[in-house]
Amino acid sequence: MRELNITKLEEQQRLDKYLLRYLKNTGTGFIYRMMRKKNITLNGKKPKGNELLKEGDVIRLYLAEDTILKFQNDGIQEEFPVSKELKILYEDDQILAVNKPAGMLSQKAQSQDVSVNEYNMGYLIQSGQMTSEDFLRYRPGICNRLDRNTSGLILAAKTLPAARQLSELIQSHDLKKFYLTIVAGDLKESGHVKAYLQKDESENKVRVESHPFEGGDMIETAYEPISSSGRETLLKVQLITGRTHQIRSHLAYLGHPVIGDGKYGRKDINEYYRKTYGLKHQLLHAHQIYFPELDGSLHALSGTCIEAPLPELFSEIIAGISPDV
């Protein structure tokens, strides 16, 4: 028999979802069959499966230890590495904010990948905040994804309540997210623009049009020029909606592609920056996130801003645009 004591970290999950995560190689049918037979109990009683867990609840698994281990990834212990490249910007008992370098995945694309998610879990284990066993109950995850070749601020939730609140804030656009980018051409005026975007899954590329079209989702982007050489412009961009490749594709559609962007940018400009600076990725950096007034799990972040410093190469290229920036 194994006893699971629900902590604040794990509360507000449905019992069946919790068990499917904990016994990851089983299925819904097995879980409900074990509950009906009282081989799985909640606070000493036969559960229905749809109960919302709360701190202090006790789940008992009247299963052989070998059976439990088999359902937990066949007893194979996952390994979570730690990255020296991933810098912590902010941390409390609810969230972790990190500065992702360009070239690192936010989330796994394939099973063998190592992403910000895995590095975060490696850090939580190394710092003694969580164990591999804890990840069977609740698996911390990132809440705002960045493209592989975009650098900057990523938020990860340590608890389920924090994950839910962050998700709600992102979906309602109550988090204000600002990026820094260097684009081709001379932009002198601020803009607040809308368009329509559709993703082509087969090409992993998007199409942008100024008018509504079938399958197109509305996008909204605001930008403010900070400095310009006449050949390129440093922009502060507010991501108002959050569609795939939105900033890169929207600015390219407006005639000012992000420098270094191999998908939507200009090859001749990208080649110049590759030869001059050794640039291998787009110059797009998730710079700031502003939080509204908050209560609940994220009350400590109420009215605050988290900021991710620019990568060294990005700062070097900015210095070439204007020595005053």
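Analyst: We'll go from the whole chain to a sheet, a strand, a helix and then some single residues. Keep in mind that this is a predicted model.

User: Okay, how many helices and strands are in the protein?

Analyst: The protein has 9 helices and 14 strands. Its C-alpha trace spans about 75 × 45 × 40 Å along the principal axes. Of the 325 residues, 48% count as buried. The exposed surface comes to about 16,400 Å², and carbon and sulfur atoms supply 46% of that.

User: What share of the contacts join residues at least 24 apart?

Analyst: Take the contacts between residues at least 6 apart in sequence: 63% of them join residues at least 24 apart.

User: Now a single strand. Is β5 mostly covered or uncovered?

Analyst: With a strand, check which way each side chain points and whether it is covered. Strand β5 (residues 95–100) is mostly covered, with 6 of its 6 residues buried. I95, A97 and N99 point one way, while L96, V98 and K100 point the other way. Both sets are buried.

User: Which strands does β5 pair with?

Analyst: One partner is β4 (residues 87–91), which runs antiparallel to β5 and is joined to it by 4 bridges. A hairpin of 3 residues connects β4 to β5, and Y90 has A97 as its bridge partner in β5. Another partner is β7 (residues 151–157), paired with β5 in the antiparallel sense over 6 bridges. There, N99 has L153 in β7 as its bridge partner.

User: And helices? Why do residues three or four places apart point the same way?

Analyst: An α-helix has 3.6 residues a turn, so residues three or four places apart point the same way. Now try that idea on α8 (residues 267–277), where the buried residues are I269, N270 and Y273. Seen down the axis of α8, these buried residues fall within an arc of 100 degrees, so they line one face of the helix. The face turned away from that buried side carries the exposed residues K267 and K275.

User: What covers the buried residues of α8?

Analyst: The cover includes β8 (176–184), β12 (232–239) and α9 (312–321). Also look just after α8, where G278 takes a positive phi of about 75 degrees.

User: How about single residues? Where is S106 found, and is S106 buried or exposed?

Analyst: S106 is in the loop between β5 and α4 (116–126). Its relative accessibility is 2%, so S106 counts as buried. The S106 side chain reaches the backbone oxygen of L146 at 2.7 Å. Beyond its neighbours within four places in sequence, S106 has contacts including K100, N117, R145 and I154.

User: Which strand holds H285, and what does its side chain reach?

Analyst: H285 is in β13 (residues 284–290). H285 has 0% relative accessibility, so it counts as buried. Its side chain reaches the backbone oxygen of P309 at 3.1 Å. Not counting residues up to four places away in sequence, H285 touches, among others, N99, F178, Y179 and F314.

Technical notes. Residues are numbered from 1 along each chain as its sequence is written. This is a predicted model: local features need pLDDT of at least 70, side-chain atom pairs count only at pLDDT 80 or more; totals for chains, interfaces and linings use all residues. Side-chain values use heavy atoms; hydrogens and water are left out. Buried means under 20% relative accessible area, exposed over 50%, partly exposed in between (1.4 Å probe, protein chains only). Helices (H or I, at least four residues) and strands (E, at least two) are DSSP runs, numbered from the N terminus. Two strands pair if DSSP finds at least two bridges between them. The arc is that of the directions from the helix axis to the C-beta atoms. Contact means heavy atoms within 4.5 Å. A polar contact is a pair of N or O atoms within 3.5 Å; within protein, one must be able to donate a hydrogen and the other to accept it, and residues adjacent in sequence count only if both atoms are side-chain atoms. Accessible areas come from the Shrake-Rupley method with a 1.4 Å probe; for residues, only the protein chains shown count as cover.
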